Amino acid sequence: MSASDDQADVERALAGDVSAFEGIVRRWQTPLVNLAYRFCHDRGRSEDMAQEAFLRAYRGLAQWRKDAVFSTWLFALATNLYRSELRRIPARTLSLEDIAEPTDARASDGNLEDRDYDRDMTVRRAVFALPAKYREALILFYFHDMDVTTAARSLGLPEGTVKARLFRGREILRNKLPQLLAVPHLKEA
Amino acid sequence: MRRLTEHDEAEINSILSREDEILPSSGFTVSVMDAVRREATAPSPIPFPWKRALPGLVVAGLALVLILISIIAAIAQLGKATTPQLSMSVPSAMPPIFSGGIKSAAIWTMLALLMTFVSVKLSMRLASGRV
């Protein structure tokens, strides 16, 4: 994915060539749909949200000031949209207390891979049940390959705030899922 | 509450950074581009008719200024009135509506109704584009 391709397509689209926007859609559809999916965990809704994000990007192309790369602007726009969409119609979530956790991860009958899979799914469900400000910070941080700067830009927050929210979010997870995340410590003991 | 250790953080990082990727459905690009083309060909929103609304706005602004001036004048007259015989001086300082009796009140009411009628008619003409 090249920034110059994005810039060229934006300039053509702004000059009236609507089909140039297709290049942008093709390049960024997978990341935008995946980001939406991480917010709502609903495949159909994630495509609707991503489509709306592309439409808003098209309407606001002239507002991209080129002081940041196009993708940063696009992700910030999409993140804002997804957050407000989720505030408008919240996704179906469980409370942290309702997240199922095996009584002892070591005692499970399944094989190691199955147990790892179950544990991963439980932790992801728990992220989804976190309060919005921690959940959003975690979603953006892991979506952007653990890049705090990019996550902060997408959220429109200072890096320090995002770091604090990440820490607090992980701490809540740690305390709500002690059994799942405690196994290595028990082994060490 | 247990504090988060580096090991905990690494473990959570390892779990959450492995999230599966989904692929958009095959018709997604087409669907987005259809919506974009509809957006591009849609007529631009109708701008507010400033030219038509300007006379009404000017009249409304002037009326507001006149009302403010009369209120300020009334307040200034009240301030000038001496306090010892307040009950006697107040009626003379008030606008005519308070001192002219029923006839004056009827005139003011008629004026208000007329203004309302004119503004309703004007806004209806503006809305229907016949100005």
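Helices (H or I, at least four residues) and strands (E, at least two) are DSSP runs, numbered from the N terminus. The structure shown here is a predicted model, in which local features need pLDDT of at least 70, side-chain atom pairs count only at pLDDT 80 or more, and totals for chains, interfaces and linings use all residues. Residues are numbered from 1 along each chain as its sequence is written, while chains are lettered from A and ligands numbered from 1 in the order in which they are written.

**View 1. Chain A is built from helices, with zero strands.** Starting at the N terminus, its elements run α-α-α-α-α-α-α-α-α, which makes nine helices. Chain A has 189 residues, and 36% of them count as buried (20 or more other C-beta atoms within 10 Å of the residue's own; exposed means 12 or fewer, partly exposed in between, and C-beta atoms are placed from the backbone). Contacts also tell us how chain A folds back on its sequence: among those between residues at least 6 apart, 61% join residues at least 24 apart. Two residues are in contact if their C-beta atoms, placed from the backbone, lie within 7 Å.

**View 2. Here α2(A) and α3(A) cross each other.** Their axes come within 8 Å and cross at roughly 135°; axes are lines fitted to C-alpha atoms, for helices over the stretch in contact, and angles run from 0 to 180 degrees between N-to-C directions. The two helices are therefore oblique to each other (under 35 degrees is roughly parallel, over 145 roughly antiparallel, 65 to 115 roughly perpendicular, and the rest oblique). Residues making the contact include A:Phe21, A:Val25 and A:Leu32 of α2(A), together with A:Met49, A:Ala53 and A:Phe54 of α3(A). By class, this contact has 12 nonpolar, two polar and three charged residues. Ala, Val, Leu, Ile, Met, Phe, Trp, Tyr, Cys and Pro count as nonpolar, Asp, Glu, Lys and Arg as charged, and the others, Gly among them, as polar.

**View 3. Two loop residues of chain A, A:His41 and A:Met146, deserve a look.** Most residues other than glycine have a negative phi. A:His41, in the loop between α2 and α3, has a positive phi of about 50° although it is not a glycine. With 15 C-beta neighbours inside 10 Å, A:His41 is partly exposed. In the loop between α6 and α7 (148-155) we find A:Met146, whose phi is positive too, at about 60°. A:Met146 has 13 C-beta neighbours inside 10 Å and so counts as partly exposed.

**View 4. Helix α1 of chain B (residues 6-16) has buried residues and a face with exposed ones.** The buried ones are B:Asp8, B:Glu11, B:Ile12, B:Ile15 and B:Leu16. Seen down the helix axis, they fall within an arc of 120°, so they line one face of α1(B); the arc is that of the directions from the helix axis to the C-beta atoms. Turned away from this buried side are the exposed residues B:Glu6, B:His7, B:Ala10 and B:Ser14. Chain B as a whole has six helices and zero strands, and 7% of its 131 residues count as buried.

**View 5. Chain A meets chain B.** Here 33 residues of chain A are in contact with 29 residues of chain B. On the chain A side, the largest share, 10 residues, comes from α2(A). That side divides into 17 nonpolar, five polar and 11 charged residues.
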